[in-house]
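Please read this report alongside the sequence and the model.

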Amino acid sequence: MSNLQLHRGQAVVQLAKTVPDVTIFGLCSKGKHDVLKEATSPIDHLLERGSDYVSEVRKISPDGVDIVLDCLCGEECNKGYNLLKPMGRYVLYGTSNVVTGETKGFFSAARCWWQVDKVSPLKLFDENKSLAGFNLRHLMYQQNGAAHVKQTVEKVFELFQGGKIKPLLDSTWALEDVVEAMQKMHDRKNVGKMILDPSLEPRPKPATPAKGKDKKKQSSEEKKESDEKKEEKKEKDEEKKEKEDKEAITNGTGEPAAEEAEKK
């Protein structure tokens, strides 16, 4: 029996399930567990990202796993490598942990580099393990691998036509909504594939007032606030003047000034 650990990818799960007698350990956020349990090709053991999944895997498979597919990088590389059985293979096919915010950050990239153990060929030789990487964009556009990719895609289409794999769809979007769709992917809220359909109408967006109207409204509010402050200041000045007049009449004694003069 072969064991496979992967950090995410329902498509990878379905492809792996075409191989007989494979047990799959999947790592993802807790919010996606319910959907993945009901998927066409359910993962055998769903583990929560951020947990001590190494111990959980060891409880089920004390010897470790045969293959690790990692799309995160960083400290996950060390955990995945240490889970390999002898003759096991670790494959890095993504670097999600390098992305912080909207883009890849220099410091997050440096942190990932620092967290990854530097494995020498002699260590691989002694432990009978293999390390590999897969970068589709580089293979197609920088390493003349387009023909190889085409052959692989054709084989995947054959599996689809034969009903052996069925893509898990998350949502469908109009071309005009591509920004919102990309944001959902960036926030990792999708479970499955997201499709752009040119025939769809764009989703209605919340109405926002025009900039000119906003400025006019803001100017009106500022003027109203200024008038209120002036009115308040005027009332205070009148109260102060009234108080001063009263003190002048009573001469500060609480009695009329004329009566005080008669007493003297």
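## Charges over rings

Lys-129 lies over the face of Tyr-81, 4.6 Å from the centre of the ring. This and every other value here comes from a predicted model. A second case involves Trp-173: Arg-203 sits over its face, at 3.8 Å from the ring centre.

## Asp-177 and its contacts

Leaving out residues up to four places away in sequence, Asp-177 touches Pro-202, Arg-203 and Lys-205. Asp-177 belongs to the loop between β9 (169–173) and α9.

Is Asp-177 buried or exposed? Its relative accessible area is 2%, and the limit for a buried residue is under 20%; Asp-177 therefore counts as buried.

## Arg-188

Arg-188 and Ser-29 are separated by 159 residues in sequence, while their C-alpha atoms are 9.4 Å apart in space.

## Nonpolar cores

The largest nonpolar core has 13 residues, and within it Leu-47, Val-57 and Val-65 touch the most other members. Two or more residues of this core come from each of β2 (22–28), α3 (53–60), β4 (65–70), α4 (75–82) and β5 (84–92).

Another core, of nine residues, lies apart from the largest one. Its members include Val-13, Ile-24, Leu-36 and Leu-46.

## Helix α8

Helix α8 covers residues 146–161, 16 residues in total. From its first C-alpha to its last it reaches 22 Å, close to the 22 Å expected at 1.5 Å a residue. Just after α8, Gly-163 adopts a positive phi of about 75°.

## The protein as a whole

The protein contains 11 helices and 10 strands. It has 264 residues, of which 26% are buried. The accessible surface comes to about 19100 Å², with 55% of it belonging to carbon and sulfur atoms.

How many of the contacts between residues at least 6 apart in sequence join residues at least 24 apart? The share is 46%.

How values were computed: Residues are numbered from 1 along each chain as its sequence is written. This is a predicted model: local features need pLDDT of at least 70, side-chain atom pairs count only at pLDDT 80 or more; totals for chains, interfaces and linings use all residues. Side-chain values use heavy atoms; hydrogens and water are left out. Helices (H or I, at least four residues) and strands (E, at least two) are DSSP runs, numbered from the N terminus. The expected span of a helix is 1.5 Å times one less than its number of residues. Buried means under 20% relative accessible area, exposed over 50%, partly exposed in between (1.4 Å probe, protein chains only). Contact means heavy atoms within 4.5 Å. Accessible areas come from the Shrake-Rupley method with a 1.4 Å probe; for residues, only the protein chains shown count as cover. A nonpolar core is a set of buried Ala, Val, Leu, Ile, Met, Phe, Trp, Tyr and Cys residues joined through side-chain atoms within 4.5 Å. A charge sits over a ring if NZ of Lys or CZ of Arg is within 6 Å of the ring centre and within 35 degrees of the ring normal.
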